[in-house]
Amino acid sequence: MSAKNLVIVESPAKSKTINKYLGNDYTVLASFGHVRDLLAKDGAVRPDENFAMTWELSDRAAKTVKDITAAVKAADTIYLCTDPDREGEAISWHIQQILDEKNLLKNKTVHRVTFNEITKNAIKIAFDKPRQLDMPLVNAYLARRALDFLVGFNLSPVLWRKLPGSKSAGRVQSVALRLICEREAEIEAFNSQEYWSIHARMQTPEGATFMARLTYLAGNKLDKMDITNQETAEAAVKRILNKSLAVHKVEKKQVRRNPFPPFITSSLQMEASRKLRLSASQTMRLAQQLYEGVDIGGETVGLITYMRTDGITLSGDAITQCREQIGKDFGPKYLPDTPRIYKSKAKNAQEAHEAIRPTDLSRRPQDVARYLDDKQAALYELIWKRTLACQMENAILDQVSADLSDGTDDVILRATGSTIAFDGFLTLYREDEDDPVEGEQNEDNRRLPPLEEGMSLRTQEVTPEQHFTQPPPRYSEATLVKSLEEKGIGRPSTYASIMQVLQDRDYVILDKRRFVPEDRGRLVTTFLKRYFEKYVDYDFTANLEDELDAISLGQVVWQDALKQFWTGFKAAV
């Protein structure tokens with residue numbers, strides 16, 4: 001007898017685990033991702049017929065659909081268990097449409113089931129509370145596919161005609177390319193300017209030394225670019241050496257630093273790029289493996305929650321686990337009195353998801369490392385530490401700044417330093433910086449000896465340093481993701497594929513982990529900016545994303561949004 005319950009998931013890796021949790025009354029099949037896509041021909045989206053679309057099965061999907069069809073005939077209840085995001089909702093919708101067209105759903109019950117982590121408990125809860133397909137979410141998918149198709153299919157031929165050898169243009173990819181090309185143009189147009197800074201090594205009566213920087217000269221506050229040549233710098237050095245300097249003013253303050261929120265898709269990509277030197281697509285591939293499950297002592301276990309999410313909330317259960325683990329590993333000092341609640345600013349459909357976190361925080365990185373390869377283990381450790389740190393006590397820094405002068409404001413030097421009074425979450429996790437500004441990153445981390453107002457000091461040496469302004473740095477994967485996110489362009493779940501497409505099309509190359517536009521990429525950007533200015537405009541693209549989010553919330557009819565876009569776009573083409 002075959003099982004009367006049929007469960008359809010996206011990936012075969014998941015099907016084994018889920019089958020084990022559900023037992024023998026359930027058959028679990030994988031759809032292997034999307035089963036259909038738009039027909040790759042002009043006319044697959046028809047604006048004149050209210051944006052009707054023609055779909056076709058992908059080559060690989062024919063056998064999959066045949067297997068699903070056979071299983072549906074024998075089943076009473078069908079559970080659509082694809083991923084809990086827009087694409088997952090769309091795959092479930094496609095499968096339901098195909099089965100409907102074949103007239104196979106008469107007298108059968110169809111449920112949509114989503115879960116955020118592949119654990120026995122999460123799956124049990126999800127199956128106890130099935131729902132219907134989320135049609136606004138499906139509509140947002142349809143709008144996005146139609147939009148991307150219409151832009152690609154109408155812009156690309158224009159490109160092929162005008163710029164032979166160019167491969168394609170895309171709605172979000174062309175805007176990302178524009179960012180990279182504009183940055184390159186800024187770098188080329190950049191004129192380096194000379195400037196000098198002056199540092200003095202000072203000594204206290206007890207013999208302790210520390211560094212201070214010249215901040216006032218001849219009564220005027222110095223800006224970064226005020227000393228522009230060696231002569232002025234050397235004159236300032238002489239002036240300092242002629243003074244008897246003392247501590248004029250000491251300011252002490254305590255600063256509290258909050259931990260970072262738990263990971264969402266984009267922040268995980270950024271930190272994995274900075275800390276682990278992983279590309280966005282590598283990060284997503286590894287996260288997918290950790291999510292789908294790893295064999296731990298003979299049992300397949302999903303180690304992290306779903307990795308495509310814009311939400312920074314944590315479940316109550318996860319917060320409790322965090323707090324227990326902090327108490328155990330670090331003691332009560334590191335545990336705040338009340339849990340930290342993070343609220344997301346994002347307003348789209350992937351919002352309901354939790355942040356990316358371990359499914360069980362008592363699984364420490366060192367406990368699971370032997371079941372993982374090096375990269376999986378490193379990514380798991382990053383996620384585990386960030387999640388635990390987000391529930392830890394603030395770090396407290398004692399910051400000190402002292403002004404040194406001879407009692408006049410002819411020259412004033414400033415010494416700054418900070419000491420960690422209590423390391424809090426920093427004991428576990430620090431976020432890396434992308435492109436620290438030269439000369440600025442070290443001053444605050446210095447420690448100063450005890451300084452009292454009125455204390456006389458000895459000037460040991462005064463050093464003028466020559467600098468040249470630097471052009472803005474080229475984008476790395478981390479800084480490009482950050483820029484796209486800040487501008488509201490694309491969605492975190494799409495960033496990895498956008499960056500891949502730009503490289504596959506030979507529009508950009510990655511050199512020393514930085515994006516450099518190729519000549520073809522620059523030509524395409526120039527052409528699009530000239531003739532399709534609006535469609536590679538940052539604000540326009542961001543507003544379109546907001547419109548798609550509004551569709552997914554059921555606030556806008558998707559065909560209406562497309563009609564508005566298509567009228568102007570058709571005229572431009």
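A cavity here is a set of points on a 1 Å grid over the protein atoms alone, where a 1.4 Å probe fits but cannot get out; lining residues have an atom within 4 Å of a point. Grid points are joined across faces, edges and corners, and a volume is the space filled by probe spheres set on the points.

This is a predicted model: local features need pLDDT of at least 70, side-chain atom pairs count only at pLDDT 80 or more, and totals for chains, interfaces and linings use all residues. Residues are numbered from 1 along each chain as its sequence is written, and side-chain values use heavy atoms, with hydrogens and water left out.

So, how many cavities of 30 Å³ or more are there? The count is 5. The largest cavity has a volume of about 70 Å³. Its lining includes Val151, Leu155, Arg171, Tyr535 and Phe565. Two elements each give two or more residues to that lining: α5 (135-162) and α16 (538-552). Helices are DSSP runs of H or I, at least four residues, and strands are runs of E, at least two, numbered from the N terminus. α16 gives the most, with 3 residues.

Now the loops. Asn50 sits between β4 (45-46) and β5 (52-53). Phi of Asn50 is near 55 degrees, a positive value in a residue other than glycine. Asp506 lies in the loop between α14 (495-504) and β18 (508-511). Phi of Asp506 is near 60 degrees, also positive.

Conventions: On a 1 Å grid over the protein atoms alone, a cavity is a set of points where a 1.4 Å probe fits but cannot get out, and a pocket is an open set with protein on both sides within 12 Å along at least five of seven lines; lining residues have an atom within 4 Å of a point.
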